[in-house]
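Here is a short briefing for a first look. The sequence and structure come first, then the main points by topic.

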Amino acid sequence: MRVNNSIKNILTGILLQLVAIGLNIFSRKVFLDFLGVEILGVHGVLTNLISMLGLMEMGIGIAISYSLYKPLSEDNQDQIKAIINLYANFYKVVALAVLVIGLLIIPFMDKIVESSYTTSYVRIIFLILLIDAMMSYFLAYRRTLLLADQKSFTLNKLTIIYSIVLTVSQVSIVFLTQNFILFISIKLIFGVGLNLIIYYITNKNYPYLKSATHKMLDPDIKGNIIQNIKALLLANISVYFIYGTDNLLLSIFTNVSIVGIYSNYTLIFNAVKGFLSQIFVGTTASFGNLLASSTGIDEADRIFKTIFFINFWLTTFCSSALLLLINPFINIWIGSSMLLSGLVIVILVSNFYLDTMRSAVELVKSAAGLYSPYPFFKYWIVVEALINLFLAVFLAGILKMGMLGIFLATSISTLLPTYIMPWNIYKYVFRKSSKQFYLKHFVYNFSSVIVVGATYMIGTKITLGNLFIDFFFKIIICIFTPNLMLLVFCRTKEFIYLKERIQKRIRMGTKFKKNI
């Protein structure tokens, strides 16, 4: 069941990301043509502010998700309901806090966003985004239940339909009215509708949630949840200062239009990250279920090594493609005036690589609830955030490196968790030495540099004089070069295990068809 659910979660997640990528590319082109890059920059800065308010969520969702793995595997309905009720009460407080603090920020909006738009117009945009964020908290706990129960495929199918309808509606509004207020308002309305549908589905699948009887939450579970939330509060604050402040810093040290240009790149990077994350997010609940079962840590370690190998292969392939293709794609999509320099692209791809290569380790951390009582986790992530913020201000502000300094600061600070987090999971989850992992990590990183560099050098030799033809041949290079080079790992245990699992699934599928 774990394997089947993981496969369905991954496949529907990949489909969701493909749909999202196509819709975002189309809608962004329409947006820029009719509304311009400045309003896109304003939206980016305000979205960063909303993300900052989201820190009050304190990691409740992750902590609750982890606490649900065991009662779901045991079908302990009383404890499941008790956890969900606690979750709902937490989020009501968070929603109210987000609204109040957001309203207190509005009078200072003229100090935060400098643009040609009036302050009152910017305030209206922020208010709509604030209400949208607040409303998302009221039924968010129902999503977490589906995710923890290895049913993210249900959410994925719903989100695909939601994304298509929302994008068509927003594009129509921009095309007909060029009204940005209506553009973001329709998202608020559709978001509420999606949450209500999820509420109905969870009531149908988990009817015991509707019962009037209330059982007390196990004190140990409650204590563990509170403990994890405290640890994750620091983590969320730190993560925000590492990844969530780029637009604000760019607005301060450059201008709001640069934020709009950069947002086109983040759209692509986030789309690729989202595509890859479906593989790992779709497996997290199953891995957590495995850790909660009596199967054994050794089996979990073996599966983790295979997942890490997949992580390495996909990250290397995507990094090769992004480095070679992203600027040609931006040029074709929205024009040469929206391009960033080659050096900035190298830093952005490096950040993508460092961040994405942690996906397998993050999967284990989330599945095992490795947040507290492991104080080292809380401390190193705070150190990472402080390093990132200090370096960003120093490089971008004092040394006048601008956007390059901001992104370089992220690269340097990200090195800390890249090498500390694996030590954490091997010490506290697998309970064995991490030396072999670090050796494998070094080999993977060294191989990635060679593969990405070779792909880029071969691809840049293509200059046929036509943007579309050049881009087509670059895609061919990106498909074959990295994947053929990575076949040097075909004799590793991870590759052989993965090949056997795929062959087994194919044989099972063939046998099933014959029996129909």
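**Helix H6 and its surroundings**

Helix H6 has 20 residues and spans 30 Å from its first C-alpha to its last, close to the 28 Å expected at 1.5 Å a residue. That expected span is 1.5 Å times one less than the number of residues. Helices are DSSP runs of H or I with at least four residues, numbered from the N terminus.

This is a predicted model, where local features need pLDDT of at least 70, side-chain atom pairs count only at pLDDT 80 or more, and totals for chains, interfaces and linings use all residues. Residues are numbered from 1 along each chain as its sequence is written, and side-chain values use heavy atoms, leaving out hydrogens and water.

**H6 against H9**
- The axes of H6 (residues 119-138) and H9 (residues 180-205) come within 10 Å and cross at roughly 10°.
- H6 is therefore roughly parallel to H9 (an angle under 35 degrees).
- Residues in the contact (heavy atoms within 4.5 Å) include Tyr121, Ile124 and Ile128 of H6 and Phe180, Ile184 and Leu188 of H9.
- The contact residues divide into 12 nonpolar, 3 polar and 2 charged.

**Burial in H6**
- Buried residues (under 20% relative accessible area, 1.4 Å probe, protein chains only) include Val122, Phe126, Leu130 and Tyr137.

**Phe317**
- Phe317 lies in helix H13 (residues 297-334).
- Phe317 counts as partly exposed because its relative accessibility is 24% (the class runs between 20% and 50%).
- Phe317 touches Cys478, Ile479, Pro482 and Asn483, leaving aside residues up to four places away in sequence.
- Phe317 and Val452 are 135 residues apart in sequence, yet 7.7 Å apart in space, C-alpha to C-alpha.

Terms used: Axes are lines fitted to C-alpha atoms, for helices over the stretch in contact, and angles run from 0 to 180 degrees between N-to-C directions. Helices (H or I, at least four residues) and strands (E, at least two) are DSSP runs, numbered from the N terminus. Angles under 35 degrees count as roughly parallel, over 145 as roughly antiparallel, 65 to 115 as roughly perpendicular and the rest as oblique. Ala, Val, Leu, Ile, Met, Phe, Trp, Tyr, Cys and Pro count as nonpolar, Asp, Glu, Lys and Arg as charged, and the others, Gly among them, as polar.
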